[in-house]
Amino acid sequence: MTVTATHCPYCALQCAMSVVAAPQGPPTGPAAAAPEVAGREFPTNRGGLCRKGWTAAELLGHPERLTEPLLRSDDGELRPVSWDVALTRIAAEVRTAQDRYGKDAVGVFGGGGLTNEKAYLLGKFARVALGTSRIDYNGRFCMSSAAAAANRAFGLDRGLPFPVADLAGADTVLLLGSNVAETMPPFVQHLAGARDAGGLIVVDPRRSATAALTADGAGLHLQPAPHTDLILLLGLAHVVINGGHAARGYLTERTEGMEDLIRSVAPWWPERVQAATGVPAALLRETAARLAHSARTGSCYILTGRGIEQHADGTDTATAAINLALLLGLPGSARGGYGTLTGQGNGQGGREHGQKADQLPGYRKITDPAAREHLARVWGVPEASIPGPGLPAVELLASLGAPAAEGQTGGVRCLFVHGANIVVSAPDATAVRRGLQALDFLVVSDFFLSETALEADLVLPVLQWAEEEGTMTNLEGRVLRRRRAVSPPAGARSELWILNRLAALLDAPSAFPEDPREVFEELRAASAGGPADYSGITYERLDAGESLHWPCPQGPDGLPSAGTPRLFAERFAHADGRARLVAVRAAAPVRPSGRGELVLATGRVLEQYQSGTQTRRVASLSAAQPEGRLSLHPAAASGLGIADGDWVRVRRSGEAAAARASSAGPAVLVRAELSLSVRPDTVFLPFHFPGSAAANRVTEARTDPISGMPEFKTTHVIVERAPVQGTVFVPAARPTLAAAPDLQETP
Ligand SMILES: Nc1nc2c(c(=O)[nH]1)N[C@H]1C(S)=C(S)[C@@H](COP(=O)(O)OP(=O)(O)OC[C@H]3O[C@@H](n4cnc5c(=O)[nH]c(N)nc54)[C@H](O)[C@@H]3O)O[C@H]1N2
Ligand SMILES: Nc1nc2c(c(=O)[nH]1)N[C@H]1C(S)=C(S)[C@@H](COP(=O)(O)OP(=O)(O)OC[C@H]3O[C@@H](n4cnc5c(=O)[nH]c(N)nc54)[C@H](O)[C@@H]3O)O[C@H]1N2
Ligand code: SF4
Ligand SMILES: [Mo]
């Protein structure tokens with residue numbers, strides 16, 4: 001057996017694991033023992049893994065694994081074809097679409113799970129081989145609000161500007177809209193210090209597993225009405241300022257914008273905040289006092305998750321959290337800090353190397369002339385040939401298949417999807433599926449037949465985590481090596497190989513190496529001098545076990561830096577070195593009308609990951625969470641005549657649906673689970689399940705004007721009892737060459 005040191009395929013904690021596998025052989029075949037994983041010592045997980053990590057080896061050699069390209073034939077079925085046929089067909093479709101409608105008729109949708117090498121080459125492929133501006137990725141649904149807020153406050157966005165292990169010394173941690181106990185279980189050990197000191201403060205409308213960690217004197221749970229965090233944060237800032245707890249010296253020395261900030265929080269005294277959020281004024285005061293005391297005498301951190309970021313005002317809400325941290329003097333100090341908990345495995349690296357519509361590698365802006373010149377040099381192409389900014393994900397998806405007159409650019413007509421399952425995970429998913437069906441050609445690269453792949457004209461089988469080499473950048477901005485532990489099945493190909501072949505067929509004017517190490521060498525040069533500078537990082541240094549956080553420049557003396565575990569100690573990244581307090585204002589909260597309306601919040605459960613393509617195929621995980629269930633408070637349920645286990649229909653409430661009649665999706669049909677963990681005015685549904693259980697059938701494509709983040713966390717809905725007929729759809733059902741059957745309601 002061989003033992004390979006690598007990291008988990010799933011989330012941004014990137015827990016270290018060893019894969020134990022039979023040497024060289026493919027993981028299938030009766031003779032070879034199935035690969036296994038074990039936790040490995042590492043600062044983020046300290047040997048621990050969660051249930052998803054422990055069972056990750058089941059993805060290797062899985063019977064549903066794709067091993068041949070599949071092309072939709074005239075009868076509508078997906079049928080195996082050779083790689084030659086597949087690639088030649090793609091090149092022809094790209095040429096046809098671009099000749100007819102212009103370069104931007106071809107689009108690319110990437111993912112935050114791709115390695116740095118794949119993300120980088122995909123961005124280059126779009127700009128250089130396709131010449132299109134139309135590229136964006138699922139990180140838009142994930143980190144874009146927190147990123148936009150950090151960029152405007154600090155001049156730089158690295159999720160955690162400090163190593164996770166620093167939290168060990170914290171006596172107070174304010175965790176806003178993050179459920180780490182289910183979304184990053186090994187992370188909980190880093191909260192032990194704060195819990196012991198009674199200082200874990202969780203803000204979540206639900207009594208989540210993480211909120212429950214505050215029990216028995218370990219801390220406080222603030223349970224605001226959904227989508228009122230901005231007001232809550234303005235209220236906390238109000239109390240800190242009025243109580244004389246603002247870090248005056250720090251603010252004068254290191255920040256700009258205090259005057260405006262004071263004015264913006266003045267209208268939010270605790271009793272008014274209580275009326276808007278439901279959080280008692282006394283609890284607000286207690287929280288502010290605790291934070292202020294800890295910031296002065298101990299160690300205090302403020303961390304945010306998707307619960308406050310995935311809103312149509314997510315950038316402003318994340319900004320309000322940063323403002324509070326700055327008021328307390330935390331960012332860049334030895335007394336604590338602020339950070340956001342990045343979600344996807346390479347959610348950090350994936351947002352740095354050019355998959356984003358407005359971005360070039362190294363976290364450079366695509367509109368910056370110097371950045372364009374630099375990339376033009378690295379790529380060996382004229383600067384003018386690099387397209388300008390494209391469309392953020394929701395707009396890109398809204399443009400799919402939009403008609404255009406001959407010779408004019410309309411919407412995207414031909415789309416490449418790499419590492420996202422948008423039929424399940426994008427807002428207003430019914431409209432997204434319609435958009436995919438309106439395309440002239442859809443190419444999906446995946447290793448399983450995801451719900452999005454089921455819509456494709458061509459599916460390309462690619463490599464998964466333990467079959468490939470590359471790098472990932474975790475939630476701390478630490479660059480890690482992903483290593484090949486097993487041989488891929490014959491027939492599957494790496495995405496680097498695919499992009500290399502397609503670039504050649506499209507006569508691309510630059511090289512597209514297929515060797516990950518070579519791609520990383522190019523990425524080093526491409527990122528050099530940018531905010532996310534990787535030029536001092538090499539596979540050799542990573543393989544030697546060095547811990548390297550970006551920025552890690554190659555110094556002028558030729559000596560690489562030791563990386564930057566902690567940012568902002570001396571200065572922030574704005575030209576003048578100072579952070580910006582950006583005054584933000586809250587709109588009046590929109591409460592459910594009371595006419596049977598409830599607020600739907602969506603999110604995650606421990607055993608399922610994202611759209612579920614992977615975890616729904618792991619037996620023990622899908623046994624633990626076989627279907628999406630709607631958490632409903634017993635008081636709300638009895639008013640609606642709903643009992644535990646009843647089937648319920650969830651649809652957008654009348655007004656919202658009528659206003660957007662064209663996009664009003666069909667209802668969600670799931671079973672209700674009565675639970676005291678949700679407020680009586682709120683229901684919760686995980687988004688991991690497809691078909692009639694898909695939460696995103698009812699979410700709307702309403703976005704934050706700054707970040708383009710969709711409003712995933714609040715949708716006003718009507719919930720009714722719904723007798724259903726037909727077999728219960730078991731998501732892990734196989735074979736999967738047919739679409740998941742929708743449940744039918746009895747007439
Ligand atoms: N098991 C599992 N783990 C995962 C993932 C997964 O799919 N499954 N995905 C990974 C990824 S990509 C991400 S982005 C992270 C996400 O990790 P988290 O941010 O922890 O996950 P969510 O469940 O989306 O949301 C967190 C909490 O926000 C709360 N919430 C909802 N609305 C509001 C609100 O208005 N205000 C406040 N304060 N809270 C609210 C929800 O009740 C929920 O408990 O998880 C990563 N880890
Ligand atoms: N309602 C609601 N919707 C949400 C959210 C929410 O909280 N509520 N959260 C949002 C968030 S934070 C996120 S991150 C998104 C995630 O949503 P998705 O983008 O759908 O994420 P995944 O399910 O991880 O999809 C990744 C797909 O790519 C495949 N894949 C994995 N690795 C690779 C690779 O290396 N190459 C290729 N080609 N394919 C690969 C997987 O098999 C899977 O089919 O969902 C968003 N949608
Ligand atoms: S916490 Fe995240 S990285 Fe760690 S084992 Fe679980 S899914 Fe994998
Ligand atoms: Mo995410």
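Begin with two helices in contact: select Asn-116, Glu-117, Tyr-120, Leu-121 and Lys-124 in α3, which meet Pro-516, Val-519, Phe-520, Glu-522, Leu-523 and Ala-526 in α19. Contact here means heavy atoms within 4.5 Å. Helices (H or I, at least four residues) and strands (E, at least two) are DSSP runs, numbered from the N terminus.

Before going on, note that this is a predicted model, in which local features need pLDDT of at least 70 and side-chain atom pairs count only at pLDDT 80 or more, while totals for chains, interfaces and linings use all residues. Residues are numbered from 1 along each chain as its sequence is written, chains are lettered from A and ligands numbered from 1 in the order in which they are written, and side-chain values use heavy atoms, with hydrogens and water left out.

**Stop 1: α3 and α19**

Now select the whole of helix α3 (residues 116-130) and helix α19 (residues 516-527); their axes are 9 Å apart and the packing angle is about 70°. Axes are lines fitted to C-alpha atoms, for helices over the stretch in contact, and angles run from 0 to 180 degrees between N-to-C directions. That angle makes α3 roughly perpendicular to α19. Angles under 35 degrees count as roughly parallel, over 145 as roughly antiparallel, 65 to 115 as roughly perpendicular and the rest as oblique. The crossing of α3 past α19 is left-handed, meaning that the near helix is turned anticlockwise from the far one by less than a right angle; clockwise would be right-handed.

**Stop 2: α7 and its partners**

Select helix α7 (residues 229-242) together with α9: the axes come within 9 Å and cross at roughly 115°. This makes α7 roughly perpendicular to α9. On the α7 side the contact is made by Leu-234, Ala-237, His-238 and Ile-241, and on the α9 side by Met-258, Leu-261, Ile-262 and Val-265.

The crossing of α7 and α13 is left-handed.

**Stop 3: Ser-264**

Go to helix α9 (residues 258-265) and pick Ser-264. Is Ser-264 buried or exposed? Ser-264 is buried, with a relative accessible area of 3%; buried means under 20% relative accessible area, exposed over 50%, partly exposed in between (1.4 Å probe, protein chains only). Leaving aside residues up to four places away in sequence, Ser-264 touches Ala-583, Val-584 and Arg-585.

**Stop 4: a charge over two rings**

Show the side chains of Trp-268 and Arg-272: the charged end of Arg-272 sits over the ring of Trp-268, 4.0 Å from its centre. The charged end of Arg-272 also sits over the ring of Trp-269, 5.6 Å from the centre of that ring. The rule asks for NZ of Lys or CZ of Arg within 6 Å of the ring centre and within 35 degrees of the ring normal.

**Stop 5: aromatic pairs**

Rings of Phe, Tyr and Trp (its six-membered ring) pair if their centres lie within 6.5 Å; planes under 30 degrees apart count as stacked, over 60 as edge-to-face and the rest as tilted. By this rule the count is 14 aromatic pairs. Select Phe-141 and Phe-712: the ring centres are 5.7 Å apart and the planes are at 90°, so this pair is edge-to-face. The two residues are 571 residues apart, with Phe-141 in the loop between β7 (135-137) and α4 (144-154) and Phe-712 in the loop between β27 (682-686) and β28 (715-721). Phe-141 is buried at 5% relative accessible area, and Phe-712 is buried at 7%.

Next, Phe-154 and Tyr-338 form a tilted pair, 6.2 Å centre to centre with 45° between the planes. Phe-154 lies in helix α4 and Tyr-338 in strand β13 (residues 336-340), so the pair ties together parts 184 residues apart in sequence.

**Stop 6: backbone exceptions**

Most residues other than glycine have a negative phi, and most peptide bonds are trans. Select Trp-550 and Pro-551, which are joined by a cis peptide bond with omega about -5°. Finish at Asp-216, which has a positive phi of about 55° although it is not a glycine, and which is exposed at 82% relative accessibility.
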